[in-house]
Amino acid sequence: MVDLRSDTLTQPTPEMRRAIADAEVGDEQKREDPTVIALEERAAELLGQEEAVFLPTATMANQIALRTLTEPGDEVLAEEMAHVFRYELGGPAVHSGLVMKSLRTANGIFTAEDVRESVNPPGDLHTAPTRLVCIENTHNGGGGRVWPLAHLREVVAEARQHGLSVHLDGARLMNAAVASGTPAADYGREFDTVTLCLSKGLGCPLGALLAGSAETIERAWREKHLFGGAMRQAGIVAAAGVYALDHHVDRLSDDHARARRLAEGWHAAGLPVDLDQVETNFVQLGVGALGLGRDEALARLREAGVGLSSTIHPSVIRAVTHLDVDDDAIDRAIALAPEALGARVAV
Ligand SMILES: Cc1ncc(COP(=O)(O)O)c(C=O)c1O
């Protein structure tokens, strides 16, 4: 099986497992775990922020960011396919009493004008005060798209003009940084809070970081305890994070090159791939154009030995490249998928 369902599927490499086995550990809840502290310091610098806090998942990091930056009854702006809006079980309402206003885009990347038009009038006693804008980079639902830094700065500047806070769901920020050649810190320092996930392209078994100012992260620590995310000898997993930051960042360009080769191979074989959309490690297939529904397309591919997964769109499925997908796997996927899906090359 060529497993292209998600970049969360990676197994820790033997070297990462050795780093885990050798980790120095302490009581993380008492802030005495040297490996967690080392990872937090590395992450804060990498993300252009003063401090970072280690958390089990990126969902928890996002939800803690929202709780830290808002008051119950506030409104949050996020793109309509954003993870924080669509895939966190209504967490903003449950954990923080927030109203979400979604911004509709084709690829996950909204504009300063979208923000301007969406902010509720300040002081209006009939609408929830708009307090926070969330940006996702790369944008998962948009097909792994990268926010160009200049565009992102315009959107953040617009948000600031309205007195709003800004959160970056940078679960895959390192993919964005590597693909665009923009240092992650240049993206990160624009924001009040930044989430970075370790268990996606970076290949760790689990873990995420939330970075921000010293004051913001001190408040986030309270939420970490409240969410039950304060751990004990967590250096066991933080060691994987330190290893990944040393060894698994630059290699993301291999994942991106493989996604591009896969997209080009499938496109040449007549599969409906929009090559312009392929910027990082995601390839989207519009199987509706082949007269197939999502479930049937996924079943046929699985039968042929290629694992893809669904997207938010009923007729679009996706392939995601990652650490455990090598060049041979890409060759096999290029060979197997077109026949399984009944692709026809245009003549
Ligand atoms: C953009 C984005 N943010 C956050 C998350 C949540 O990550 P986790 O599974 O670590 O909670 C995901 C997971 O796929 C994601 O794609």
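A: One cavity of 30 Å³ or more is counted, where a cavity is a set of points, on a 1 Å grid over the protein atoms alone, at which a 1.4 Å probe fits but cannot get out. The model is predicted, so local features need pLDDT of at least 70 and side-chain atom pairs count only at pLDDT 80 or more, while totals for chains, interfaces and linings use all residues. Residues are numbered from 1 along each chain as its sequence is written, and side-chain values use heavy atoms, with hydrogens and water left out.

The largest cavity holds about 40 Å³ of space; a volume is the space filled by probe spheres set on the grid points, which are joined across faces, edges and corners. Its lining (residues with an atom within 4 Å of a point) includes A171, R172, M174, N175, C197 and K200. Two or more lining residues come from each of α8 (173-180) and β7 (193-197), elements being DSSP runs numbered from the N terminus, with helices (H or I) of at least four residues and strands (E) of at least two. By class, this lining comprises six nonpolar, two polar and two charged residues; Ala, Val, Leu, Ile, Met, Phe, Trp, Tyr, Cys and Pro count as nonpolar, Asp, Glu, Lys and Arg as charged, and the others, Gly among them, as polar.

A pocket, by contrast, is an open set with protein on both sides within 12 Å along at least five of seven lines. The largest pocket contains about 320 Å³ of space. It is lined by 22 residues, of which H83, Y87, N140, R172 and R318 are closest to its centre. α3 contributes the most to this lining, with three residues, and β9 (282-286) supplies at least two. Five nonpolar, eleven polar and six charged residues make up the lining.

The ligand takes up the space of the largest pocket, the criterion being that more than half of its atoms lie within 2 Å of the grid points. Around the ligand are 13 residues, the closest being T59, N140, D169, R172 and K200; each has a heavy atom within 4 Å of it. Helix α3 (residues 58-69) again gives the most, with three residues. Polar contacts are pairs of N or O atoms within 3.5 Å. Ligand oxygen atoms lie 2.6 Å from a polar side-chain atom of T59 and 2.9 Å from a side-chain N or O atom of N140. A ligand nitrogen atom lies 2.7 Å from a polar side-chain atom of D169. The protein covers 83% of the 390 Å² of accessible area that the ligand has on its own, by the Shrake-Rupley method with a 1.4 Å probe.

Key:
Polar contact = N/O pair within 3.5 Å; in protein donor to acceptor, adjacent residues only side chain to side chain.
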